[in-house]
Amino acid sequence: MSDYHEPTSEMSEKERSLTRALNSLKEEIEAVDWYNQRVSVEKDESLKGILEHNMLEEIEHACMTLEWLRRNMDGWDKHLEEFLFTEGDISH
């Protein structure tokens, strides 16, 4: 199955890179969820530690990709600045 909904021949290289980044971000977040679930039920402390370590690496990868998107795709910078590292209601 393709990650593209539009003909790639009509997309710029930048647009294809953005699609790669967005899909990578989705995959990293999904991996964080999987590891988090595994950590929550794992009884063996040694394995639990490994899974926690892996989860944190996936968080790192997601953050790196998010920063790349902030630098390269319109809209991310404005909204990240508005919501990240702030106090109070974020539902506005």
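This is a predicted model: local features need pLDDT of at least 70, side-chain atom pairs count only at pLDDT 80 or more; totals for chains, interfaces and linings use all residues.
Biologist: Which pattern does the protein chain follow when read along the sequence?

Modeller: The secondary structure comes to three helices and zero strands. Read from one end of the sequence to the other, the protein chain therefore has helices as its elements, helices being DSSP runs of H or I with at least four residues, and the pattern is α-α-α.

Biologist: How far does helix α1 reach from its first C-alpha to its last?

Modeller: Helix α1 takes in residues 13-41, which is 29 residues, and at 1.5 Å a residue the expected reach is 42 Å.

Biologist: What covers the buried residues of α1?

Modeller: The buried residues of this helix include L18, A21, L25, A31, V32, Y35 and V39, and among them are also R16 and E28. In the protein chain as a whole, buried residues make up 21% of the 92 residues. The cover over those of α1 includes α2 (45-72) and α3.

Biologist: Is D33 buried, partly exposed or exposed?

Modeller: D33 has its place in helix α1, and its C-alpha lies 9.6 Å from that of E58, a residue 25 positions away in sequence. Because buried means under 20% relative accessible area and exposed means over 50%, the value of 38% makes D33 partly exposed.

Biologist: What is the phi of F85, a residue other than glycine?

Modeller: F85 is found in the segment after α3 (76-83), and with a relative accessible area of 84% it is exposed. Most residues other than glycine have a negative phi. For F85 the value is positive, near 55°.

Biologist: How far apart do the centres of the positive and negative side chains lie?

Modeller: The protein chain has an accessible surface of about 7,300 Å², of which 54% belongs to carbon and sulfur atoms. As for charge, there are 10 positive and 23 negative side chains, and the distance between the centres of the two sets is 2 Å.

Biologist: What share of the contacts with a separation of 6 or more comes from residues 24 or more positions apart?

Modeller: A contact here means heavy atoms within 4.5 Å. Among the contacts of the protein chain with a separation of 6 or more, residues 24 or more positions apart account for 44%.

Technical notes
Residues are numbered from 1 along each chain as its sequence is written. Side-chain values use heavy atoms; hydrogens and water are left out. Helices (H or I, at least four residues) and strands (E, at least two) are DSSP runs, numbered from the N terminus. Buried means under 20% relative accessible area, exposed over 50%, partly exposed in between (1.4 Å probe, protein chains only). Accessible areas come from the Shrake-Rupley method with a 1.4 Å probe; for residues, only the protein chains shown count as cover. Lys and Arg count as positive and Asp and Glu as negative; His and the chain ends are not counted. The place of a charge is taken as NZ of Lys, CZ of Arg, CG of Asp or CD of Glu. The expected span of a helix is 1.5 Å times one less than its number of residues.
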